[in-house]
Amino acid sequence: MRRPLVAGNWKMHTTPQSAVELARAIVRAELPADVEIVLCPPAIAVTDVARAVVGTPVRVGAQNMHWADAGAYTGEISAPMLVGVAEVVIVGHSERRADFGETDAIVNRKLRAALAAGLTPIVCVGETEAIRDAGGARETITSQVRSALAGIDSAAAEPLVLAYEPVWAIGTGRTATPKQAAEAIGWAREALSQALDAATAQRTRILYGGSVSPGNARELLAQDGVDGALVGGASLEAADFIAIAWSAIA
Ligand code: PGA
């Protein structure tokens, strides 16, 4: 009942021109109709990529946004600016948390702003290696989910997508085992069902992210409760990303 979703996070890669070329290569290919596909280019390329995918089922997302609608925030973009261009936005990616000081409270403000604007947020949670080694992965995931959703009711949260991305697996070539991914996503869903009502938690898609590749995607995405993937490095190669998208259907 949860439609698989595969999203490409292009991070700070591509130019507006090469982003359009990559998007075109993806939409030209045969894509699995039962999988929702989202491309998240750098902010400067979002508009061009959105134009390049018009008339296709592929959706476009931003990688980040500010929580305010407008204001003196040099360099930032807001949710209302994305509306009409992008439909999706990544919120609380671990690189934002680690490198740009995004706290759980900021993630919560951004999530509220994204939902209020009618965007589909992909909220990222996940533990560091030190936390996992110390046995704290479940607690971290639970508390990140709870904080992100603080004060948001189930009806408002409906379009939410979560992504479990263990920090130690992002960009490292080290993937969580399918069992680790499924277990952590189970913890995330349990936290969701405490923060929201159980039915909404059951309907919410939870992705795995962290060194997903054409070689490991099938097994990861076949796990119970793993509803798709948030793909970084491998999303920059059209053929790899398309192969991962096909892996999302059994
Ligand atoms: P990766 O990135 O696939 O390159 O590990 C995933 C992510 O950061 O979303």
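In which loop does D227 lie? Keep that in mind while you go through the points below.

1. A word on the model. This is a predicted model, in which local features need pLDDT of at least 70 and side-chain atom pairs count only at pLDDT 80 or more, while totals for chains, interfaces and linings use all residues. Residues are numbered from 1 along each chain as its sequence is written, and side-chain values use heavy atoms, with hydrogens and water left out.

2. D227. This residue lies in the loop between α11 and β8 (228–231); helices (H or I, at least four residues) and strands (E, at least two) are DSSP runs, numbered from the N terminus. D227 counts as buried, at 8% relative accessibility. Here, buried means under 20% relative accessible area, exposed over 50%, and partly exposed in between (1.4 Å probe, protein chains only). The side chains of D227 and R2 make a polar contact at 2.9 Å. Such a contact is a pair of N or O atoms within 3.5 Å; within protein, one must be able to donate a hydrogen and the other to accept it, and residues adjacent in sequence count only if both atoms are side-chain atoms. Leaving aside neighbours within four places in sequence, D227 is also in contact (heavy atoms within 4.5 Å) with residues including R3, P4, R189 and T204.

3. Strand β2. Now look at residues 36–40, which form β2: five of its five residues are buried. E36, V38 and C40 point one way from the strand, and I37 and L39 point the other way.

4. The partners of β2. Strand β1 (residues 5–9) pairs with β2 in the parallel sense over five bridges; two strands pair if DSSP finds at least two bridges between them. Strand β3 (residues 59–62) also runs parallel to β2, joined by two bridges.

5. The crossovers. β1, helix α1 (residues 16–28) and β2 make a right-handed β-α-β unit. A right-handed unit is also made by β2, helix α2 (residues 43–52) and β3. Right-handed means that, with the strands pointing away from the viewer, the path from the first strand over the helix to the second runs clockwise.

6. Two backbone angles. Most residues other than glycine have a negative phi. K11, in the loop between β1 and α1, has a positive phi of about 50°. S211, in the loop between β7 (205–209) and α11 (217–221), has a positive phi near 55°. K11 is buried, with a relative accessible area of 19%, and S211 is buried, with a relative accessible area of 19%.

7. Around the ligand. Which residues are the closest to the ligand? They are K11, H93, E165, G171 and S211, among 14 that surround it, each with a heavy atom within 4 Å. A polar side-chain atom of K11 lies 2.7 Å from an oxygen atom of the ligand, and one of H93 lies 2.6 Å from an oxygen atom of the ligand. For S211, a polar backbone atom is 2.7 Å from a ligand oxygen. The protein covers 95% of the 280 Å² of accessible area that the ligand has on its own, by the Shrake-Rupley method with a 1.4 Å probe.

8. H66. Finally, find H66 in the loop between β3 and α3 (79–82). H66 counts as buried, at 6% relative accessibility. A polar atom of its side chain lies 2.9 Å from the backbone nitrogen of A68.
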